[in-house]
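Please have a look at the sequence and structure first.

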Protein chains: 2
Amino acid sequence: MRQTKVFLDESEIPKQWYNIQADLPTPMSPPLNPGTGKPLSADDMSAIFPMALLEQEMSTERWIDIPEEVLEKYLLWRPSPLYRAYNFEKLLDAPVKIYYKNEGVSPAGSHKPNTAIAQAYYNKMAGVKRISTETGAGQWGSALSMACQMFGLECRVFMVRVSYDQKPYRRLMMQTWGAECFSSPSNLTETGRRVLAENPDSPGSLGIAISEAIEDMLGDENARYSLGSVLNHVMLHQTIIGLEAQKQMEKIGEYPDVVIGCAGGGSNFAGLCLPYVRDKIHGKDISIIAAEPASCPTITRAPYAYDFGDLSQKTPLLPMYTLGHDFVPAPIHAGGLRYHGMSPIVSQLAKENIIEGRAYHQLETFDVGVKWARTEGFIPAPETHHAIAAVVDEARRAKEEGKEKVILFNWSGHGLIDLASYDAYLSGKLTDYVLPESEIDRAKKTVGQYPKL
Amino acid sequence: MRQTKVFLDESEIPKQWYNIQADLPTPMSPPLNPGTGKPLSADDMSAIFPMALLEQEMSTERWIDIPEEVLEKYLLWRPSPLYRAYNFEKLLDAPVKIYYKNEGVSPAGSHKPNTAIAQAYYNKMAGVKRISTETGAGQWGSALSMACQMFGLECRVFMVRVSYDQKPYRRLMMQTWGAECFSSPSNLTETGRRVLAENPDSPGSLGIAISEAIEDMLGDENARYSLGSVLNHVMLHQTIIGLEAQKQMEKIGEYPDVVIGCAGGGSNFAGLCLPYVRDKIHGKDISIIAAEPASCPTITRAPYAYDFGDLSQKTPLLPMYTLGHDFVPAPIHAGGLRYHGMSPIVSQLAKENIIEGRAYHQLETFDVGVKWARTEGFIPAPETHHAIAAVVDEARRAKEEGKEKVILFNWSGHGLIDLASYDAYLSGKLTDYVLPESEIDRAKKTVGQYPKL
């Protein structure tokens, strides 16, 4: 009988995260203090994040131990299964083997708990009582709600309005796990009130929601902020995906020619791909592809520059591909990919051509997503559709070139909470959004005021 | 590190289903032809079900081979993990170990694909083009939609109206997998039109929906009907759950003192429990508990008698605990448990005191369901809440008796599609429904007209 899934025993779960900063060909440009234009110290950020996470943010140690208490929670669903997608392969009829890491098996249904559990743990250890955060489609907010509940922390989530309205069930997940969830822009913060005054119909953005979450916790010394993507320590925690995948692929004697993840802030992409980036830096011949939405194309079209991570300029200046911190992405259903910037680590890897970006339109991503559900059974999240679109792309190229390829991708989460978007697609109500060139010009102007990279 | 999950290798998946009919102390009473009052033959049913399934329905062979094509689809999620619920144990603070089979890992999110895949396969082999079925909460309808899609069959689902309205996402799952889904009572059938004429606000029932589905396919020679519970062949297909669980428990050197499943039509309960019923019949000292809703209590309160499986008397007369085929259960959120009857196999085992029933009220089941989600992470379906309520019950008894117990239960599915019911519970809008004694009298009168058991 053919083998569909590769499991690891619980005893085989990786005990350390992998820190790409130890292996980067060029050291990363530091985040800057916007007031002084000088590199930021951990102390500058200590009112926002607990020190243990700031140390990870700046560490260049290659391997960082995963605390026992974090591993214990990981084991609720990890190691996640590695799948071979035989049925989808058959549909594509191309000379490819398709493997995927199924991160949808977590209680929250995505890869996000990998860092949520870790962040909740380190906050708890630092004596924090409450965490504020933002969320796009709600994958991150629901994961953090669960993690906070498990470690006895309060949790407050600002959810981008377009997703809050599109995906009511994610709010209900957060509430089931005991968190508070607000539509962003909200009336709870100055940032939210200002945005609503200018545009009462604002669909919101991750940039706005981040500002609201930071503003919300800054007045409370027992509260801290938590970010579900972008930052180095988040990429670090997600590497458990790729480390597991490497063990699983080794078990069946395979090594991928292509590794793919969808990329919004970059954490799902980085989680699978960074351990393979390490291999590539050390000489492996492998393509590593970040699939992003054509309506919010950072790697493929945005300038590489210092910019803020949020609308209200409360974060440091981060070195990244950015459409400008005041960019409001189109209301696509892949809410987790609606972010103006891209993780500095992923951005630098793209800048140095170690990885590449590809952009896909909403309709084609839903087309392949429905085909996936109808062959493989599991219904993918709209974010995951983007990775599948890149898989289809690679399979088509392999067929054209008559070349056999092993493709591995990160199935970042299931779409059961996103079914309203399937409804819109199946009933012909979805549209594509094309980003006009003028938005790129606007972005260049925005970032032109900050220190050069 | 403590072990949270027990996996089986794909090669260890059971290759045969277990047929309890080979081991029953008393042979089962046959289904009756309502016209003649005589036992039914397979031929009498051949316009409704393919012959291979009818043969399984009546077989007394102990082991029945699982076809290769069915195993191949099972491997998309099977063997399902066996979990130890350490965090919930800690909350209960009782001398119990709690193990559960996580059937929520299937693409449809419940145990239902175990029989959906098998039924779609046998229909396909028999040359059937289209399947009609009913569904309560939508777990069954969505599972069959997926299975039909995988085997290239059309699928039409009549969904009980109260669930159709409460759980729009389950309809969207069915549509994503290419099926048609109608609210029942519908205007598509004579049964539906008659019910609507009498009561335009009818919340519907499984009994009504079954009538509609059978009526819908009877005119089409290329169509057949499919039932997601109650019948012997459905119980048979679900035994893969218990067979896997036995292998997994053996791997860790455990044997349960108590085995628990929730029971509506009985298939989820039977799936885990029948292999353990076999052990009990052969001398094992073990409690086997079916958890049902207090608002629809068949095992615990209904008469044991011949009755129809559906409102319009289109099915044979089945020997079972029944609240009467015209009973309309209260609109509880555990839609999958809203059925007037109980599987003849499960009914007979209860009648002979090999298993026992316990009834739980809606509010207490949601209370334990939310506690589960907040400790173990995974959000359970409202049906599953009933099994958890029985676990809590058993843990309390163990504490009172100062006796250590190993409890194993079937976590029949996740509640991500049922989050609106959590919303209702968390905002204080849920109520309990107490079944008045007069309904039992009514049931006795209804079944009094049919042959005695």
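Two strands are said to pair if DSSP finds at least two bridges between them, and strands (E, at least two residues) and helices (H or I, at least four) are DSSP runs, numbered from the N terminus. This is a predicted model, in which local features need pLDDT of at least 70 and side-chain atom pairs count only at pLDDT 80 or more, while totals for chains, interfaces and linings use all residues. Residues are numbered from 1 along each chain as its sequence is written, chains are lettered from A in the order in which they are written, and side-chain values use heavy atoms, with hydrogens and water left out.

In chain A, then, there is an open sheet of four strands, ordered S8-S7-S6-S9 with parallel pairing. Strands S8 (180-184) and S9 (223-225) of chain A stand at the edges with a single partner strand each, so one side of each has no neighbour in the sheet. S6(A), residues 130-135, pairs with S9(A) over three bridges in the parallel sense, and there A:Arg130 stands opposite A:Ala223.

Turning to the interface, 52 residues from chain B and 52 residues from chain A are in contact (heavy atoms within 4.5 Å). The rule finds four salt bridges across it (a side-chain nitrogen of Lys or Arg within 4 Å of a carboxyl oxygen of Asp or Glu). One of them joins A:Glu10 to B:Lys5, with the closest N and O atoms 3.0 Å apart. On the side of chain B that touches chain A, H7(B) gives the most, with seven residues.
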